[in-house]
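User: I'm new to this one. Can you walk me through it?
Analyst: Here it is.

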Amino acid sequence: MKTIFDKETRDGLISRINLLDESSKPEWGKMNVYQMLKHCTLSEEMYLGRTKYKRSFIGRLFGKVALKGMLKDDSPLTKNNPTVPQCKVTEAGGDIEAQKKQWIELVEEYGKTSKTDFEHTFFGKMTREQMGQLAYKHVDHHLRQFSN
């Protein structure tokens, strides 16, 4: 399975991120391009451990089962999955180029980290392999949402 810890995979994702601009429209979901960029930046900060959130009660009950289902194969994430509340973006707009730059910097950080333990607010403790696969699938999901 693809992982964000692979340089070639990261480079492909970054090329796709660079295709986004103010005219990019979603094929599904409620977020505009700025909101998606900001959401992904917030998500990467959580995945990389820069921000920490308390684990949700529902995640304690169902997180491991949901994670296993998401990572069982190479299939992309399904449309309109629920969002971690802390990564929801309500502001309508902002600097798209600045958000792209910040997101790309965070994606590149996966190539520099030796971190082996990750904690997700819904899925809980994750291995490096699980985190790499989930982070890839999440980025890919949102790029496909905007036809990239």
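Analyst: One term before we start: a residue counts as exposed when its relative accessible area is over 50%, and as buried when that area is under 20%. Also, this is a predicted model.

User: OK. Is Asn 80 buried or exposed?
Analyst: Asn 80 has a relative accessible area of 56%, so it is exposed.

User: Where is Asn 80 found?
Analyst: Asn 80 lies in the loop between α3 (57-70) and α4.

User: And what about the phi of Asn 80?
Analyst: Asn 80 is not a glycine, yet its phi is positive, about 60°. Most residues other than glycine have a negative phi.

User: Let's step back. How many helices and strands does the chain have?
Analyst: The chain has five helices and two strands. Starting at the N terminus, the order of the elements is α-α-α-α-β-β-α.

User: How many of the residues count as buried?
Analyst: 45% of the 148 residues.

User: And the contacts, how far apart in the chain are they?
Analyst: Among contacts with a separation of 6 or more, 85% are between residues 24 or more positions apart.

User: Now the helices. At what angle do α1 and α5 cross?
Analyst: Helix α1 (residues 7-17) and helix α5 (residues 128-145) cross at roughly 25°, and their axes come within 10 Å. The angle is under 35 degrees, so α1 is roughly parallel to α5. The crossing of these two helices is left-handed.

User: Which residues make that contact?
Analyst: From α1, Thr 9, Leu 13, Arg 16 and Ile 17; from α5, Tyr 136, Val 139, Asp 140, Leu 143 and Arg 144. By class, the contact of α1 with α5 has five nonpolar residues, one polar and three charged.

User: How do α1 and α4 cross?
Analyst: The axes of α1 and helix α4 (residues 96-109) come within 10 Å and cross at roughly 175°. That angle is over 145 degrees, so α1 is roughly antiparallel to α4.

User: Which residues meet there?
Analyst: Arg 10, Ile 14 and Ile 17 of α1 meet Lys 100, Trp 103, Ile 104, Val 107 and Glu 108 of α4. The contact of α1 with α4 has five nonpolar residues, no polar ones and three charged.

Note on methods: Residues numbered from 1 in each chain as written. Predicted model: local features only at pLDDT ≥ 70, side-chain atom pairs only at ≥ 80, totals over all residues. Heavy atoms only, no water. Axes fitted to C-alpha atoms, helices over the stretch in contact; angles between N-to-C directions. Helix = DSSP H or I, 4+ residues; strand = E, 2+ residues; numbered from the N terminus. Parallel < 35°, antiparallel > 145°, perpendicular 65-115°, else oblique. Left-handed = near helix turned anticlockwise from the far one by under 90°. Contact = heavy atoms within 4.5 Å. Nonpolar A, V, L, I, M, F, W, Y, C, P; charged D, E, K, R; others polar. Buried < 20%, exposed > 50% of the residue type's maximum accessible area, 1.4 Å probe, protein only.
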